[in-house]
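Please keep the sequence and the structure at hand while reading.

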Amino acid sequence: MRDVLPGLLVALPLLGAALVPLLAALSRRTTRVPALALHAAILAAALGLFGSVAAAGPIRYAVGGWPGPWGIELWFDGLSTLIAVLVAGIACFAAFAQTFGPGRDEAAPASTPLREGLLRGALLLLVGGLLGIVATRDVFNLFVFLEISSLAAYTLVASGGGRATVAAFRYLLAGTAAGSLYLFGVGFLYALTGTLNMDDLAARLPSVEADAALTVAVVLIAVGLSIKAALFPLHGWLPDTYVYSPTPTAGFIAAVMAKVSAYALLRLLGEVLAGTAAGAVVLDITLWLGVAGVVAGGILAVAQRAITRMLAWSSISAMGMILIGVGMGSALAITGALFHMAAHALAKGCLFFGAGGIRASRRGDDVEGWAGLGARAPWTLAALTVAALSMIGIPPTAGFFSKYYLLSASITTGGPAGIAAFAAIILSSLLATVYFLRVLEAVWFRTPGDAPDASGDSAGRQPVPVLPRPLAVPVVALAVLVLLTGIFARPFERHVLPDWESGTARITAEAP
Amino acid sequence: MTIYAFAAALFTLGIAGMALLPNLLRKLLAMNVMQVAVIVFFVSLAFKDGATVPILGQGGAPRAAEFMNPLPHTLMLTAIVVSVSTTGLALGLLVRIRSRFRTLNEQRLLDRLR
Amino acid sequence: MGTAPPGRPPAPGTPRVRRLLGAAAFPALFVGLVVGMTQLPEFGDPASPASTHLSPRFIEDAAAETGAANMVTAVLADYRGYDTLGEAAVIFAAGLGCLVILAAAGARPDPPGAGMSHPFGSVVLDAATRILVPVVLLFAVYVLIHGHVSPGGGFQGGVLFGSGLIMMRLVWGPAHEGRAHQPAVPAFGPGLRGSLVLACAGILAYVGIGLAAMAFGGEFLNYGTLPLGGDPAHVRELATLGIEAAVFLTVAGTVAVLFDTISIGMRESGAPLPPGDGDSA
Amino acid sequence: MTEIVSLRPLLAVGAGLAAVLPILLSGRRPALREVWTFAAGAVQLGAAVSMLPAAFAGAAHVSPALPLLPGMPLQFRADPLGLLFLTLSSILWLATSSYSLGYLRSLGLKHQTGYFAAFAAAVAAAAGVALAANLLTFLICYEVLTLATWPLVVHKRTAGVLGSGRSYLAYTMIAGQLLLGAVVWAGVLAPGAPFTPGGFLAGTASDGALRVLFVLLLVGVGAKAAVFPLHGWLPAAMVAPTPVSALLHAVAVVKAGAFGVLRLTGWVFGPDLMHDLGLALPLAALAAGTILMASLRALGEDHFKRRLAYSTVSQLSYIVLGGAIGTPLALAGAAFHIAAHGFLKITLFFCAGSVYAATGREHISELGGLGRAMPFTFAAFGVGALGMAGVPLLPGFISKWNLALGALDDHQVWVVALLVVSGLLNLAYFLPVLRVAVFEPGDGRRVREPSAWLVAPPVFAALAAVVLGVAPDAGARFWFLAESAARSVAAHAPEFLTGGLP
Amino acid sequence: MAEGHLISIGLLAAMVVSAACALAVKDLLAAAALFGAFSFLTATWFALVGAVDVAFTEACVGGALTTILFVSTAFRTGRRFD
């Protein structure tokens with residue numbers, strides 16, 4: 001299986017992205033079964049790879065049979081397979097929500113089987129793009145898949161109609177600028193080394209003596225990827241995009257989209273470019289920007305009244321947290337960053353599915369509208385509560401453990417940067433306490449006042465469920481995962497860390 | 001070097017236009033200019049003095065010095081496709097935005113969204 | 001949707017702030033880029049890393065290894081065939097996106113006479129087009145097939161083919177089979193649905209060739225393992241033609257989709273909003 | 001100390017936790033719901049009692065370690081101090097549960113299912129705090145405790161009550177985050193160190209860094225212990241139903257905080273390191289200040305429960321004081337005060353709750369005539385009040401006596417004076433309650449003792465307090481546990497500190 | 001190759017000027033036309049430096065397809081920039 005799974009993992013989503021729209025165009029019947037089957041198959045491939053890498057070590061895979069640096073290589077270690085599992089897993093939930101969920105009544109009443117097929121195709125394309133980024137070992141190939149995922153994401157965002165189209169357009173401008181900056185940086189690297197393969201780059205860069213050119217390259221690449229990763233202050237596209245997207249899309253992109261870019265940043269800055277002087281400086285800057293992002297995101301989240309917007313700002317804070325980990329660069333910090341990616345992806349996916357669904361069931365998007373929901377839908381709201389507690393970092397949820405790792409790393413890092421990171425992480429928890437407990441208080445301890453309530457306004461109508469079942473299933477499942485990830489933190493860390501430790505060892509060995 | 005600087009100039013022109021122009025369609029034109037700048041940069045990296053187009057003619061075994069570097073050309077074919085794809089999708093979005101909000105002026109659009 | 005998501009619209013940067021930002025940032029960007037560029041190898045330097053590290057193999061061994069005289073085609077379709085699959089996916093994504101945003105969103109085709117339906121119609125143009133279009137389409141196929149030995153290939157051929165289709169639409173306009181909730185179906189060439197099918201088929205063919213290579217024991221897209229007979233370079237040449245054709249289909253289909261959706265998929269902008277716009281005023 | 005790996009610590013912690021879901025699910029059948037509560041309480045008490053013999057023999061039950069973080073497992077250990085706290089909380093949980101039944105029913109309060117579920121979770125968390133074998137486990141239980149008590153505090157759910165709940169959370173969550181930071185820091189300094197009698201941080205970092213760490217840890221646990229100036233939430237939290245206040249004060253939150261301070265001084269830093277860093281005296285002074293300040297505030301407070309709240313602030317600082325002094329007898333006195341204060345304070349709160357349930361009166365000035373109408377309740381109240389003041393033959397005396405002796409070992413004579421003054425202040429603010437109730441005339445309305453559910457628990461708690469005062473080493477042997485805990489810390493303390501231990 | 005470079009630089013300068021003009025004009029059709037010119041200049045430069053495939057593609061895409069799409073959009077959204 002080891003020699004088949006890598007190919008399947010990147011091929012299946014693209015296959016599906018064409019197959020599902022084709023079926024929709026030809027048969028005019030619903031395409032839900034093939035789409036879900038494909039997502040399940042992709043997840044199975046990702047899990048298989050994860051297990052295989054855990055059991056027998058990393059996998060290098062030469063696409064087309066051409067070994068690197070001439071051909072394009074894929075590289076699967078604990079890090080990439082973990083992110084792949086995360087992407088594929090949350091994609092399954094998103095597909096579930098998209099298939100059965102409120103995508104239809106939310107976006108366009110005139111939804112046809114063809115349109116649904118197209119949207120399913122776009123989701124598969126998005127998954128394919130993200131998995132491509134995760135898998136690739138080639139900096140140009142990374143750009144191509146970055147653009148695939150971006151275009152698919154613009155499509156999915158814009159399918160919300162109205163304001164969502166504007167948000168998608170702004171996202172498109174930011175994303176394209178990001179892509180071009182990145183590509184320009186890759187051009188510099190290519191001019192300096194003549195190669196595009198990450199391993200080859202890492203080997204050849206230390207002997208490059210053009211410091212200014214290398215700095216420009218590193219900065220261009222870092223800025224480009226930081227825009228996609230919504231690193232403060234390059235986060236401008238994020239809030240509207242998350243808020244106006246249709247719920248299944250919002251849940252998916254809020255969970256994994258920016259994180260995959262952060263992963264790419266980690267790969268490039270932490271592994272490939274870390275041997276350069278500019279790389280080290282940029283990593284430092286990343287750390288400080290991460291600190292700023294954590295604080296600014298948290299404060300702005302407190303200032304929001306709309307829940308989805310609050311969640312979006314909280315994402316900016318969380319991305320800052322991840323980049324703090326990337327910036328610190330120690331094995332412990334990377335573990336924390338990764339763990340935070342996983343914890344935040346699960347929790348934020350859960351929250352966006354939930355908040356979007358509740359918004360769509362006409363209860364509004366502000367805290368007032370959520371008053372007393374706990375009594376009406378205890379299970380779903382309990383799940384959302386678990387996710388919120390994970391965002392705050394209450395044990396034993398996953399968010400607690402990621403914060404623990406990051407705090408440990410910031411203490412071992414020491415110095416002003418370490419102290420700033422430490423303080424920022426603590427502060428972000430406190431801010432998260434403020435903005436999430438406000439919601440939880442309304443949910444559990446307050447009774448609905450004049451909040452718009454669809455089920456109460458006319459006696460004859462069927463009561464509208466707080467959260468439609470197709471969204472409740474992902475919400476509850478993700479909350480369970482948040483808890484399990486927390487409790488089984490240690491095996492997870494043992495699993496992912498070893499090959500990263502060798503990676504960082506190489507970095508420190510090569511550092512001047 | 002001078003050649004590269006033109007790529008830098010085009011890139012700056014494009015990205016500045018994206019940020020500063022008030023009309024979304026013009027932003028899109030600027031975006032295209034920016035993308036072309038990157039392509040110009042890459043293609044200039046492929047150029048070798050005294051070499052010819054990277055297509056094998058008649059004759060003996062090819063030597064590396066005789067032909068332009070084909071790799072950047074290949075990459076830029078892909079980049080051009082990316083560029084046109086993005087533009088196409090963006091134009092689709094613009095048509096939609098225009099029909100919904102009656103303007104493509106950024107400031108007016110934001111006013112209408114408020 | 002009954003309840004618009006509350007919350008503020010995107011925070012606008014005031015023009016003045018932006019101008020100031022621009023005044024400082026963009027010259028800095030330009031200067032930074034140029035300073036970095038001074039350290040790059042000279043333009044045209046045959047000893048630069050880019051010219052000496054990887055490219056010699058692509059130049060010297062491509063013909064023997066892949067059977068393509070055009071090295072760009074060799075790299076594009078074979079050494080970096082995975083990139084090209086991504087490239088096809090990108091343009092496919094654009095087509096998918098425009099369909100989602102414009103055509104399949106419940107919008108109805110323009111009523112006859114509105115928009116760009118018959119903007120250029122005239123007898124001379126009609127006659128010229130009748131001659132020109134077949135030539136363009138044939139040339140597109142030539143570009144596809146000849147990509148091995150001359151400039152061109154699936155992508156360029158696809159764009160030309162798509163341009164031919166666009167030319168027909170420009171001159172003769174689309175015909176409307178105005179079923180409700182049905183995208184416009186032009187009278188000539190594949191309709192919107194047909195174009196979509198073309199594009200999907202292209203991607204499917206590409207991935208299919210890659211997966212077939214896996215079925216015969218190779219890596220994804222390793223054409224050398226395909227049982228097409230002959231020496232490996234020849235097999236690779238044939239498979240390369242296959243994937244060029246796949247790209248051709250994708251691009252031709254998508255170009256038609258893009259044009260159709262952007263130019264005729266929507267009502268004139270002055271018309272009432274299409275139903276189902278997912279937002280309240 | 002020999003360690004016995006067993007599941008009993010897990011059983012003690014898990015009993016309450018396991019009861020949460022069944023309680024929530026049997027919301028429509030109150031009888032079944034209460035069966036769950038009592039079953040969990042019995043299981044917890046049984047587990048606690050079953051671990052006592054080992055502790056008497058100088059051994060400790062230890063749960064298997066669940067690896068959570070590098071070198072930091074989730075682990076529970078029933079050492080003497082933890083067992084003391086656990087046994088106390090098990091007994092008082094059962095008492096409070098039966099009292100809650102009567103209280104909630106006589107007042108007809110809503111949301112009873114959520115109440116009992118949160119109650120079970122809070123007690124489980126308190127048990128976890130008691131048995132935590134290392135800082136990480138302690139922190140986890142501590143945070144769960146915070147959240148589990150939130151629904152209890154805001155049980156009435158009016159806007160004002162929710163505001164008080166926010167104030168409660170503000171204090172405890174901020175403290176919790178600082179504690180998290182401090183725990184992480186300690187984890188970096190001494191990876192994976194469990195609570196060690198005599199401390200484990202000596203020599204791991206510079207003095208300045210250790211002082212900062214101490215302050216962080218102290219703020220983290222001190223907020224729950226309501227150490228001045230972090231006590232602001234405690235009077236505000238009096239909006240909770242009375243059994244909740246009783247639980248908060250006698251067992252769960254405040255007591256867990258005081259327990260945490262003791263763990264911090266004895267098992268994380270250790271008395272000798274505290275002395276070396278010059279931290280002992282400032283902490284003792286802080287505790288002394290808290291004792292006096294809270295006593296004075298209690299004097300001026302007419303609201304019955306709030307006066308009890310200030311009394312708690314004052315009394316728990318005895319525990320902090322003992323931890324700060326750090327001599328064996330002082331530590332033993334402080335540890336014993338956990339139990340002593342638990343029985344006494346729960347008696348007082350039960351009495352206040354019974355008065356409220358029977359008459360709806362909340363202020364001391366309204367208590368006229370009730371002494372005769374509710375003789376059992378006020379008899380129990382008298383026992384509690386005198387015990388708090390440190391009258392001999394009641395448990396408060398034992399803890400204060402040993403505190404004083406311990407302070408003298410360290411030549412801190414002022415502590416004795418402080419204890420005397422605060423004892424007098426105790427009398428000054430408790431005896432007026434009795435005076436009003438017994439000697440002032442009532443308003444003429446007829447008042448009777450409430451139901452037996454509300455009378456039996458305070459009487460039981462008062463009797464238990466008397467037993468504890470007369471024979472501190474009987475039954476669960478609280479004195480023995482306190483003393484052996486102190487002895488284990490002292491065994492690692494320098495020579496000059498170990499004198500005076502019998 | 002000096003004169004080759006000179007031609008190259010001249011073309012590049014023309015590209016920059018045409019791009020700037022395309023971004024500066026207020027009429028959409030004019031902008032699209034100028035953009036088309038920019039694309040053809042670019043394609044010519046590509047051909048000059050030996051990138052025939054890129055030149056071909058740029059001519060197809062930038063000069064034809066993108067310009068057509070821009071013009072189509074102009075018909076739907078109005079000629080004048082607002």
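In this predicted model, helix α17 (residues 398-413) of chain A packs against helix α20 (residues 469-487) of chain A at an angle of about 40°, and their axes lie 7 Å apart. The two helices, α17(A) and α20(A), are therefore oblique to each other. On the α17(A) side the contact is formed by A:A398, A:F400 and A:F401, while α20(A) contributes A:V482, A:T485 and A:G486. Sorted by class, this contact of α17(A) with α20(A) holds four nonpolar and two polar residues, and no charged ones.

A second pair in chain A consists of helix α5 (residues 113-135) and helix α6 (residues 139-158), whose axes come within 8 Å and cross at roughly 150°. Because an angle over 145 degrees counts as roughly antiparallel, α5(A) is roughly antiparallel to α6(A). Their crossing is left-handed. Among the residues that meet here are A:L119, A:L126 and A:I133 in α5(A), and A:L142, A:F145 and A:L156 in α6(A). The contact of α5(A) with α6(A) is made up of 14 nonpolar, five polar and no charged residues.

The two pairs are set out below.

| Helix pair | Angle | Axes |
|---|---|---|
| α17(A) and α20(A) | about 40° | 7 Å apart |
| α5(A) and α6(A) | roughly 150° | within 8 Å |

Between chains, 55 residues of chain C are in contact with 50 residues of chain B. Several helices of chain C, including α1 (15-38), α5 (71-79) and α10 (232-264), each supply at least two residues of the side that touches chain B, and α6(C) gives the most, with eleven residues. By class, this side of chain C comprises 36 nonpolar, eleven polar and eight charged residues.

Methods. Residues are numbered from 1 along each chain as its sequence is written. Chains are lettered from A and ligands numbered from 1 in the order in which they are written. This is a predicted model: local features need pLDDT of at least 70, side-chain atom pairs count only at pLDDT 80 or more; totals for chains, interfaces and linings use all residues. Axes are lines fitted to C-alpha atoms, for helices over the stretch in contact, and angles run from 0 to 180 degrees between N-to-C directions. Helices (H or I, at least four residues) and strands (E, at least two) are DSSP runs, numbered from the N terminus. Angles under 35 degrees count as roughly parallel, over 145 as roughly antiparallel, 65 to 115 as roughly perpendicular and the rest as oblique. Two residues are in contact if their C-beta atoms, placed from the backbone, lie within 7 Å. Ala, Val, Leu, Ile, Met, Phe, Trp, Tyr, Cys and Pro count as nonpolar, Asp, Glu, Lys and Arg as charged, and the others, Gly among them, as polar. A crossing is left-handed if the near helix is turned anticlockwise from the far one by less than a right angle, and right-handed if clockwise.
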